[in-house]
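Please keep the sequence and the 3D view at hand while reading.

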Amino acid sequence: MAPLLITGGAGFIGSHTVLVLLEAGHELVVLDNFANSSPLALDRVLELAPAGADQRLHVIDGDVRCAEDLDRAFAAAAAPITGVVHFAGRKAVRESVEQPLLYWDVNLGGTRSLADAMARHGCELVVFSSTATVYGEPEVFPLVETMPTPPVHPYAQTKLAAEQLLAAMVRSRGWRVAALRYFNPVGAHPSGRIGEDPDGIPNNLFPYITQVAAGRLERLRVFGDDYPTADGTGERDYLHVMDLAEAHAVALDYLLQRAEATQITLNLGTGRARSVLEVVQAFERATGIPIPYDVLPRRAGDVPKLEASVQAAAQLLGWQASRSLEQMCSDGWAWQRANPNGYR
Ligand code: UFG
């Protein structure tokens with residue numbers, strides 16, 4: 001099989017996807033600058049991967065904005081690279097509001113320099129990490145990919161701009177591109193060896209809950225119980241990171257099998273939104289550990305609800321999420337319990 005380039009392959013979603021792609025037999029070059037990830041994640045991936053997979057994994061410590069680093073990555077495998085999965089980027093909404101230039105630089109500038117390098121190296125196929133926040137503050141559910149996308153913060157704006165940059169390469173150069181709009185990926189590989197490793201106090205609900213369960217944090221703060229949702233707390237479409245990783249493998253196969261210019265934009269979620277309190281209850285059921293919480297005012301910038309239409313991914317890729325919320329909780333907890341300090 002022809003080698004693939006995985007930018008940001010040591011991160012949370014990247015590391016799980018690298019494992020799935022090694023299991024499928026691919027040869028991979030991972031380009032990561034380890035700004036928000038650890039090389040240990042890739043060592044752990046190799047422990048879980050089939051024997052001899054280390055011969056098919058090349059790791060380049062480099063930045064996706066740097067042409068020389070990209071050239072090194074494209075030259076790292078014996079055969080020419082035929083496809084890219086582009087995870088590398090920054091992903092915190094609040095940070096993006098405080099440091100917009102950083103987001104335009106890394107997320108859009110990184111995609112632009114990657115596209116340049118792809119053109120230099122004759123590679124015309126890319127699976128891109130996009131996000132459900134491109135839908136802005138939607139009011140109609142489930143969210144369909146053709147709905148308007150008025151993104152409201154630099155994180156979503158830069159992801160949407162990168163989608164548009166890649167769409168322009170489809171039109172002008174006949175590239176094959178899949179933009180995957182992730183809803184809320186959580187959980188971990190069931191081995192507990194790889195998982196999410198947030199820096200400092202977690203922003204996101206799921207790692208916050210697992211750290212309360214571990215005793216690292218005292219009580220969960222539930223941001224708002226006065227939303228127009230069933231129980232008043234925010235609703236999101238959480239999906240298991242292994243389902244998400246498998247979707248990348250399927251999207252790659254779909255693009256690799258096509259000869260003509262292709263552009264697909266797909267939501268990746270379960271199609272079912274869950275409230276903050278539903279997640280807390282599922283976690284308690286799955287692990288037997290009580291999660292004490294306080295209700296606080298709404299968090300600035302949060303929308304009441306996100307819920308994916310998952311029809312397009314099912315129709316085009318034959319993919320649908322299969323793991324339950326309880327599995328997301330028990331696998332996420334297995335990772336947290338075995339690695340109280342993440343990879344540190
Ligand atoms: N929440 C709490 N307490 C917390 C953290 C979150 O009540 O400590 C609530 C939020 O208010 C929201 C829900 O839990 O209702 C989910 O919040 P997360 O921070 O886990 O996830 P978001 O939906 O805000 O954002 C995540 C990623 C973004 C991504 C977005 C949509 O952080 O990068 O999903 O794809 F863009």
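Helices and strands are runs assigned by DSSP and numbered from the N terminus; a helix has at least four residues and a strand at least two. The model discussed here is a predicted one.

**Helix α7**

- Helix α7 spans residues 205-213, and nine of its nine residues are buried.
- Among these buried residues are Leu205, Phe206, Pro207 and Tyr208.
- After α7 comes Gly215, which has a positive phi near 85 degrees.

**The ligand and its surroundings**

- The ligand is surrounded by 21 residues, of which the closest are Asn204, Arg221, Arg236, Arg299 and Asp302.
- Sorted by class, this shell consists of ten nonpolar, six polar and five charged residues.
- Both α7 and β8 supply at least two residues of the shell, and β8 gives the most, with three residues.
- In the side chain of Arg236, an N or O atom lies 2.7 Å from an oxygen atom of the ligand.
- Leu205 places a polar backbone atom 2.8 Å from an oxygen atom of the ligand.
- For Thr131, a polar side-chain atom is 3.1 Å from an oxygen atom of the ligand.
- On its own the ligand has 680 Å² of accessible area, and the protein covers 91% of this.

**Two buried loop residues**

- Glu196 is located in the loop between β7 and α7.
- Why does Glu196 count as buried? Its relative accessible area is 16%, and buried means under 20%.
- Beyond residues up to four places away in sequence, Glu196 touches Phe12, Lys91, Asn204, Pro207 and Trp335.
- Glu196 and Ala230 are 34 residues apart along the chain, and their C-alpha atoms are separated by 29 Å.
- His153 belongs to the loop between β5 (125-131) and α6 (154-173).
- The relative accessibility of His153 is 8%, so this residue counts as buried.
- When neighbours within four places in sequence are left aside, His153 is in contact with Val93, Ser96, Val97 and Thr133.

**Aromatic pairs**

- How many aromatic pairs does the structure hold? There are four.
- One of them joins Tyr135 and Phe183, with 6.5 Å from centre to centre and 35 degrees between the planes, and is tilted.
- This pair links distant parts of the chain, 48 residues apart: Tyr135 is in the loop between β5 and α6, and Phe183 is in the loop between β6 (176-182) and β7.
- Tyr135 counts as buried because its relative accessibility is 2%, and Phe183 counts as buried because its value is 5%.
- Phe283 and Trp333 form an edge-to-face pair, because their ring centres are 6.2 Å apart and their planes stand at 80 degrees.
- Since Phe283 lies in helix α9 and Trp333 in helix α11, the pair ties together parts that are 50 residues apart in sequence.
- Both Phe283 and Trp333 are buried.

How values were computed: Residues are numbered from 1 along each chain as its sequence is written. This is a predicted model: local features need pLDDT of at least 70, side-chain atom pairs count only at pLDDT 80 or more; totals for chains, interfaces and linings use all residues. Side-chain values use heavy atoms; hydrogens and water are left out. Buried means under 20% relative accessible area, exposed over 50%, partly exposed in between (1.4 Å probe, protein chains only). Contact means heavy atoms within 4.5 Å. A residue is near a molecule or strand if one of its heavy atoms lies within 4 Å of it. A polar contact is a pair of N or O atoms within 3.5 Å; within protein, one must be able to donate a hydrogen and the other to accept it, and residues adjacent in sequence count only if both atoms are side-chain atoms. Accessible areas come from the Shrake-Rupley method with a 1.4 Å probe; for residues, only the protein chains shown count as cover. Ala, Val, Leu, Ile, Met, Phe, Trp, Tyr, Cys and Pro count as nonpolar, Asp, Glu, Lys and Arg as charged, and the others, Gly among them, as polar. Rings of Phe, Tyr and Trp (its six-membered ring) pair if their centres lie within 6.5 Å; planes under 30 degrees apart count as stacked, over 60 as edge-to-face and the rest as tilted.
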